[in-house]
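This briefing is for a reader who has the sequence and the coordinates at hand. Please look through both before turning to the notes.

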Amino acid sequence: MSVVKLDEFTLLTLDSYKEPLLKRLQEFEGVHFKNLQTGDLDGLKPDRALTDVSELEAEIAKIRFAINKIEPFVKKAAGFKAYMTAPPEMSFKELDDYAKNYDYESVCAALKRIDEEMKGVSAEINAISAENESLRIWRALDVSPEETDALQYVSCFYGVLGKAGAAPFIEAINEKFEASFYDVISAGPNETSVIFGVLKEQADDALRELKNAGFSKVTLDAPPVKRIEENEARLKALREESENLQGSVAAMAAEYHKLLMTLDSLATILERGKARENFLTTVNAVVIDGWAPSDSFGELEEATRKCCGDEYYMERREAEAETAPVKLKNSKMASAFEGITRMYALPKYGEIDPTPHLAPFYIAFFGIMVGDMGFGLLLLALSIFVKRAPGFSNGVKEFMNMMFYCAIAVTVAGALFGGFFGVTVFSPLRMDDGGFKPILDSRLDIQNMLVYSLAIGLAHIIYGLWLKGWSNLKDGKPLDALFDSGFWIICILSATVWLVGAVGVLPSGAAVAGKWAFIASAVGLALTQGRENATIVGKAAGGLFGVYGITGYLGDIVSYTRLVALMLSGAYIGMSFNMMAGLVAGEFSLGIGSIIRLLFAAVIAVLGQALNVGLSALGAYVHTCRLQYVEFFGKFYDGGGKPFTPFGAVSATVKIKK
Amino acid sequence: MTFIEFLASNGGYVLAVFGAALAVFMSGTGSSRGCGIVGKTAAGLVTAEPEKFGRALILQLLPGTQGLYGFIIGFLIALKIPEGLTMSQGLYLLAAGLTVGVTGLTSSKSQGEVAAAGIQILAKNPEQSTKGIIFAAIVETYAILGFVASIIMLFVTYPEA
């Protein structure tokens, strides 16, 4: 129930056993390699990843390309159905051999070929479309360029005029070339196409003059109308070809899932290749160093014996706190909250694991902050659905596993506050005026609730201080435990007794006792809190500053009133939406207007409560984390360990059968 | 009837109406500004990575809750108006409206800035984007406190005539 005890090992064996050994360790998934290639190598050489690592990476890139091409044609299950589809399962060996047994290369090659053909087709489509676009202004031409080229005395030119239009061109012709003809084929706002004929001896002159008038010569090879028709026929054929090509990609959609699994398979093999970047080698031997959990160390030894026979040497020693990675192990319920610990920081190896200690508080705080039976049952149903549905990722499932316990607390707290989707339905207490009220009413009991929240905060903080003292005791530092935990606990508790006694709730003797205990513990703190400073002045100043820390505790405890604030905000938002819905619905009658109003009211209530449950849950999640991280962890927890990441299969699609 | 006479006889209503209006208007102004700040940044991210729209939207919605708090307080104040109000009740309702209004107005902008920075987390390190949401939600605490204080004014310490 804490940080898992690890053993460190150093393994020396022949290089030729490395590959089968790595395969076995990858299946075992219980070893975290130590990188030996940093620091002093003791004359050994770093083991380089094999050349096939870069080859594998190239293969993976090819498959990614193929997957991207097929993806648009794959029919995927959407929404609810997607969550109900289980991922494919296979054993480690099946996954490892998958790429070998599936001819992914021909699939990738086929897709690559199709893709290139498609690129060619679409380039041609673009070129032909552009040509047709430029020929459009010649559609009305009724002579063929061949005919005009054959004329004996006349040169015929085809050309385009710019935005200036035909006027300057016509003017130039009329002025200088009387023995000529022209015709405007089509006149547009940007382009005007014209044909122009002139005596052959005047042709050069005419061209020069007309150029100044905006005429630019165009060479037409075939009659434009004919050319356009040919092009359109070709375009039709090309479009058909493009559709056929798309169809042949779509026909390969069945390969999509196989490609995804191949990706996992190759990534797993790649991982094995990259693991070598942790090892050291001589010519024939390899040195491997790493950690494995103590209770499964036997499996590591057996795997090594099976792969290396007796040609190996293994040293097993206790993991060192400074370097060892951290693996958490907790009860089924507490392990659901490991994510909360991880989000802050993993404990260092040898440090206390806060997860089992924060879990009960987390559940209670979350429950109080949301505090509505309807929301609780809704969250409960959601979390059970997600836990059961096979299509969710492990991260989501872990989160919802946590939500499962929180949802139970939300329902219980909801019974305390009496709310069901913002409506007070559970009011067991009889009031003086004969009415009934919930156990904790969100209007009448706010003051009491604030006091209770402070008491909860006091308990949480004292528990945190106690944990610090306990871990100091465990480390053989009883004086630190007394000074840094014992004194503070006495100080806070006695101050509370004194204050509560002064209000007159407790017998007067208690207040006096509390006062003197408080003074004594404050003196104790003043004497001890500066003990690590070197000089007398330093010790005194440190001690006084330590006592000043009491104000910090005051702030910490007041911070727990957020439990009430979040609960109230959820309750009143819910109540307000219900009220609005009630106003819209009005008096019920059987008329059509009343039914429509009722429908609108239902929409307001449902949307409003949906918004409210989302806001409440988000607020509760964030503020519960804050109380754990700031008020609770601040008392005893440092963290900063690096996670134990076992060398294993890499799978995004496939689930590995154990 | 002079203006002063009007005020003297209807002062409670006038103040309460202002309270309701200011609660909705100030927190709404704050929220629209906060959501706007995040929205601009989010739009930049979604241009490059459209698949992050969902999580960017959550960040953009965070500074929007103040508007909701203000709206609800405005609604609850408005429900009290037909009851017939004394001057002191009207003042009380105005104060209740201002409490949620001012905290909403100021906290939304700050929350919007934090959430916009959270978009950067989403862009560069998407696995950690939950932390951006947490940072932004911390700012919201003070809007919740303002909201709850207004609720207490309306339901617990409200001076019955």
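This is a predicted model: local features need pLDDT of at least 70, side-chain atom pairs count only at pLDDT 80 or more; totals for chains, interfaces and linings use all residues.

Residues are numbered from 1 along each chain as its sequence is written, and chains are lettered from A and ligands numbered from 1 in the order in which they are written. Helices (H or I, at least four residues) and strands (E, at least two) are DSSP runs, numbered from the N terminus.

**Strands and sheets**

- Strands of a sheet pair through backbone hydrogen bonds, in either the parallel or the antiparallel sense. Two strands are taken to pair if DSSP finds at least two bridges between them.
- Strand β2 (residues 6-14) of chain A pairs antiparallel with strand β11 (residues 285-293) of chain A over nine bridges. Within this pair, A:D7 has A:A292 of β11(A) as its bridge partner.
- β2(A) also pairs antiparallel with strand β12 (residues 312-318) of chain A, over seven bridges. Here A:E315 in β12(A) stands opposite A:T10.
- Four strands of chain A form an open sheet in the order β7-β8-β6-β9, with antiparallel pairing. β7 (180-187) and β9 (215-218) of chain A each have a single partner strand and stand at the edges, so one side of each is left without a neighbour in the sheet. From one strand to the next the twist averages 35°.
- In chain A, strand β6 (residues 154-161) and strand β8 (residues 192-199) run antiparallel and are joined by eight bridges. A:S155 has A:V198 in β8(A) as its bridge partner.
- Helix α8 (residues 203-212) of chain A lies across β6, β8 and β9 of chain A and runs at about 125° to β9(A).

**Helix packing**

- Two packed helices are described by the angle between their axes and by the distance between the axes. Axes are lines fitted to C-alpha atoms, for helices over the stretch in contact, and angles run from 0 to 180 degrees between N-to-C directions.
- α1(A) and helix α11 (residues 297-308) of chain A pack at an angle of about 155°, and their axes are 9 Å apart. This makes α1(A) roughly antiparallel to α11(A) (angles under 35 degrees count as roughly parallel, over 145 as roughly antiparallel, 65 to 115 as roughly perpendicular and the rest as oblique).
- The crossing of α1(A) with α11(A) is right-handed (the near helix is turned clockwise from the far one by less than a right angle; anticlockwise is left-handed).
- Residues in contact have C-beta atoms, placed from the backbone, within 7 Å of each other. A:P20, A:L21, A:R24, A:L25 and A:F28 of α1(A) meet residues of α11(A), among them A:L300, A:A303 and A:C307. The contact of α1(A) with α11(A) divides into eight nonpolar, one polar and two charged residues (Ala, Val, Leu, Ile, Met, Phe, Trp, Tyr, Cys and Pro count as nonpolar, Asp, Glu, Lys and Arg as charged, and the others, Gly among them, as polar).
- Helix α17 (residues 446-474) and helix α18 (residues 478-503) of chain A pack at about 165°, with axes 7 Å apart. α17(A) and α18(A) are therefore roughly antiparallel to each other, and their crossing is left-handed.
- The contact includes A:L458, A:I462 and A:W466 of α17(A) and A:W488, A:I489 and A:I492 of α18(A). The residues of the contact of α17(A) with α18(A) divide into ten nonpolar, five polar and three charged.

**Individual residues**

- Most residues other than glycine have a negative phi.
- A:E29 is not a glycine but has a positive phi of about 50°, and is found in the loop between α1 (18-28) and β3 (32-33) of chain A. A:E29 counts as partly exposed because 14 C-beta neighbours lie inside 10 Å (a residue is buried with 20 or more other C-beta atoms within 10 Å of its own, exposed with 12 or fewer, and partly exposed in between; C-beta atoms are placed from the backbone).
- A:F421 also has a positive phi, near 50°, and lies in the loop between β14 (419-420) and β15 (423-424) of chain A. A:F421 is buried, with 22 other C-beta atoms within 10 Å.
- A:Y452 is found in helix α17 of chain A and counts as partly exposed, with 16 C-beta neighbours inside 10 Å. The C-alpha atoms of A:Y452 and A:T561 are separated by 8.8 Å, although these residues are 109 residues apart along the chain.

**Contact between chains A and B**

- 17 residues of chain A are in contact with 16 residues of chain B.
- On the side of chain A that touches chain B, α22 (562-585) and α23 (592-636) of chain A each supply at least two residues. The largest share, nine residues, comes from α22(A).
- The residues on that side of chain A divide into eleven nonpolar, three polar and three charged.

Notes:
Two residues are in contact if their C-beta atoms, placed from the backbone, lie within 7 Å.
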